[in-house]
Amino acid sequence: MNPISDEDLVLYHYRDGLDAAALAGIAAALDASDALRTRYASIEQTLARVDALPAPEPDRDFNARLWRRLEPRLQTRAVLQRPSWAERLQAWLSPPRLAFAGAACALALAVGIGFYAGRHSAPETPTVASAQADAAAARVLDAYVAEHLRATEGVLMTASNSDSTTLLDSNRELAASLVESNRLYALAAARAGNTQLADFLRQLEPVLISLANQPASPSIEPAQGLRDYLRSTDLLFQVRATEARLDKPAPRKT
Amino acid sequence: MRMANDEARWVARAGAGDAAAFRHLVDAHSAALFRVCARITGDKALAEDAVQEAFFNAYRHLREFDGRSAFSTWLHRIAVNAALGEMRKRNRIEAALPEDDEAADVLASSLEGPPGPERQAVSAAVGRDIETQLKRMSAIERTAFVLRHHEGQSIEEISETLSLSESASKQAIFRAVRKLRGALEPDGVEA
């Protein structure tokens, strides 16, 4: 073995950056050599003196002061982000078990708007009134589905990227809550004549079901399988693209 | 596990825009972040700015937190970069204090000081000199040392946080320890 340097002794002190053989070699050398023990003791003494220094502690008002300075910045940030009413509704609808209720509301609202607008529009232009009602209902549905897809995207991203059991547990719950709402949105899209969206949502259903039923401690294989599936089907890209399309405001009439 | 689970829920709620949940995370982690930032910057006011910046950056990127590491690890990494950023802003990075022979003399005599109240005063002097020595280190040396010694991070983690190779991280820690030893053992090790 090469002569043991002070650098080796520093790494030995932290038990870091050395393999097991090197650690064992240094331990044996320390047992055998007084001079090496003295050098090591000197390093340990220096580091112990650093430990003896009091840790810097914030004063009592630190948290209050921190929050006072932080809060306006967060609010500005929130305003800049300008969350849509759909996002606010989604936040209100959390925890995820209420997502189903959201979907049901969206469906009822879309049907309701169509019905109301159809009944109360100017009688002399029934075609225009009906078209306006359909457009309003479609916009409501689009906003809800876009939000649903954002949540789905998050679930897919977490499932394919995260190894944290805790996050995966929450993710499983979220996926389970999205299955029913996904079914309702697919139904609503089909009723509204948007077969493309309905087909796409139906395509998502088995993926959500499979994520909702993943074992509590997933092994590497299912996670890798999901990554492979996402890559081969471009599903994540399709989710984002559909989400972006639904988010796009309808062209203004001039 | 329950704690981690609870924290994941707070993080999820904060990510959805719940300010109260974010405040909860701030309260839970601010003291630890302050300690690491104060050790890196060597300045409480700078540390406070760094903590504020760290939380603001964390809030902006909360949705990107993927749970691969613990939330506190993720937050600490942001705080370390915020502390380095604050130092850079104030042109303190890589700045060294002027050589001070007087300080070295006080230190040398302190190591042979008598016990009792005088010894306590000497201990305080040693503490001050360690702090002086820490301030003389480059920002990278001090940060690598603080992360390894006080935060218990591995060299691999330090390399990731500071975007350095493992070899460069080790060298930064070695230089930091050498400088400390140079101050505490003036005859033994060259700083």
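Me: What makes Leu164(B) count as partly exposed?
Reply: Its relative accessibility is 26%. Buried means under 20% relative accessible area, exposed over 50%, and partly exposed in between, with a 1.4 Å probe and protein chains only. So at 26% Leu164(B) counts as partly exposed. A quick word on the model: it's predicted, local features need pLDDT of at least 70, side-chain atom pairs count only at pLDDT 80 or more, and totals for chains, interfaces and linings use all residues. Residues are numbered from 1 along each chain as its sequence is written, chains are lettered from A and ligands numbered from 1 in the order in which they are written, and side-chain values use heavy atoms, leaving out hydrogens and water.

Me: Where is Leu164(B), and which residues is it in contact with, leaving aside neighbours within four places in sequence?
Reply: Leu164(B) sits in the loop between helix H8 (155-162) and H9 of chain B; helices here are DSSP runs (H or I, at least four residues), strands are E runs of at least two, and both are numbered from the N terminus. Contact means heavy atoms within 4.5 Å, and with those sequence neighbours set aside Leu164(B) touches Ile140(B), Ser159(B) and Ser169(B). Ile140(B) is 24 residues away in sequence and 9.7 Å away in space, C-alpha to C-alpha.

Me: Why are H7(B) and H9(B) called roughly perpendicular?
Reply: H7 (residues 139-150) and H9 (residues 166-184) of chain B pack at about 95°, with axes 8 Å apart. Angles under 35 degrees count as roughly parallel, over 145 as roughly antiparallel, 65 to 115 as roughly perpendicular and the rest as oblique. H7(B) and H9(B) are therefore roughly perpendicular to each other. Residues making the contact include Ile140(B) and Phe145(B) of H7(B), and Ser169(B) and Leu180(B) of H9(B).

Me: How do you know whether Lys170(B) is buried, exposed or partly exposed?
Reply: Lys170(B), in helix H9 of chain B, has a relative accessible area of 21%, so it goes down as partly exposed. Apart from its neighbours within four places in sequence, Lys170(B) contacts Leu11(A), Gly17(A) and Ile155(B).

Key: Axes are lines fitted to C-alpha atoms, for helices over the stretch in contact, and angles run from 0 to 180 degrees between N-to-C directions.
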